[in-house]
Amino acid sequence: MFERTSANRILARSASKLRLRSAQPMQAGSLKKTMNESIIRKTAVGLTAWGPWMRVPMCARCVAWLAVLVLANLPVLTFAQSSCPGIHVKILNIRNSTGTIACALFESSAGFPTEYLHSATNIMVIKIRDTQARCDFEDIPPGTYAMAVIHDENMNGKLDMNWLGIPTEGYGFSNDAKGVVGAPSFSAARFPYDGQNMDMTISLHY
């Protein structure tokens with residue numbers, strides 16, 4: 001009786017171990033299946049979000065990225081190509097930052113240099129920054145010109161003089177022209193311009 005009972009217990013334990021061993025692969029397989037289904041669902045969601053972009057052919061996507069890069073750099077390219085030929089004048093020896101600098105470009109001797117408001121071909125009035133100023137005349141046709149520069153400290157639109165006719169404000173001319181008595185002539189200050197970029201400096205005298 002004891003031997004039969006012991007044999008039954010041994011058989012029962014063996015069967016239990018076999019059931020456990022057979023159950024473990026099933027559980028692992030179920031877990032793996034569940035994980036795969038979860039990954040598939042997440043991938044499907046991701047593809048749904050990127051779907052419109054992923055459906056675009058690779059070459060089209062490359063073209064789109066290139067267009068974005070070009071548009072991002074367009075302001076820089078446009079700015080670099082927008083410079084026009086002209087006469088660029090740097091004003092030197094400005095004694096203070098009060099008032100304005102008036103640059104007058106003449107193409108003839110008429111009104112040169114005192115009647116610059118009425119006779120000059122081009123006029124540029126700019127504020128002085130830290131005793132520095134620069135006048136840029138663009139789109140000027142080729143020809144012969146003369147430049148007069150005035151430091152209009154009281155901003156009354158003219159070169160002030162004392163009772164002897166001597167200027168009390170700064171003035172200067174192209175070619176650093178000077179007159180023997182009074183202002184220099186147009187011929188002394190004139191210069192040729194070929195329509196390309198031209199840099200010049202004019203020093204003021206007080």
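The largest nonpolar core of this predicted model holds 21 residues, of which Ile87, Ile91, Ile101 and Met147 touch the most other members. A nonpolar core is a set of buried Ala, Val, Leu, Ile, Met, Phe, Trp, Tyr and Cys residues joined through side-chain atoms within 4.5 Å. Buried means under 20% relative accessible area, with exposed over 50% and partly exposed in between (1.4 Å probe, protein chains only). At least two residues of this core come from each of strands E1 (86-92), E2 (100-106), E4 (133-138), E5, E7 and E8 (198-203). Ile87 touches Leu105, Cys135, Asp136, Phe137, Ile140, Met147, Phe191, Tyr193, Met198 and Met200, leaving aside residues up to four places away in sequence. Contact here means heavy atoms within 4.5 Å. A second, separate core has 13 residues, including Ala104, Phe112, Phe173 and Ala177. In soluble globular proteins, nonpolar side chains tend to be buried together.

The model is predicted, with pLDDT of at least 70 required for local features and 80 or more for side-chain atom pairs, while totals for chains, interfaces and linings use all residues. Residues are numbered from 1 along each chain as its sequence is written, and side-chain values use heavy atoms, without hydrogens and water.

The protein chain contains four helices and eight strands. Their order from the N terminus is α-α-β-β-α-β-β-β-β-α-β-β. These elements are DSSP runs numbered from the N terminus (helices H or I, at least four residues; strands E, at least two). Of the 206 residues, 25% are buried. Among contacts with a separation of 6 or more, 69% join residues 24 or more positions apart.

Asp160 lies in the loop between strand E5 (143-152) and strand E6 (171-173). Asp160 is buried but has no salt bridge; Lys158, the nearest side chain of opposite charge, is 4.8 Å away. A salt bridge requires a side-chain nitrogen of Lys or Arg within 4 Å of a carboxyl oxygen of Asp or Glu. The Asp160 side chain makes polar contacts with the side chains of Asn154 at 2.5 Å and Asn156 at 2.8 Å. A polar contact is a pair of N or O atoms within 3.5 Å; within protein, one must be able to donate a hydrogen and the other to accept it, and residues adjacent in sequence count only if both atoms are side-chain atoms.

Mean pLDDT (the predictor's confidence in each residue, from 0 to 100) is 74 for the chain, and 60% of residues reach 70 or more. Over residues 17-82, pLDDT is below 50. Where pLDDT is low, the predicted coordinates should not be read in detail.

Methods: Lys, Arg positive; Asp, Glu negative; His and termini not counted.
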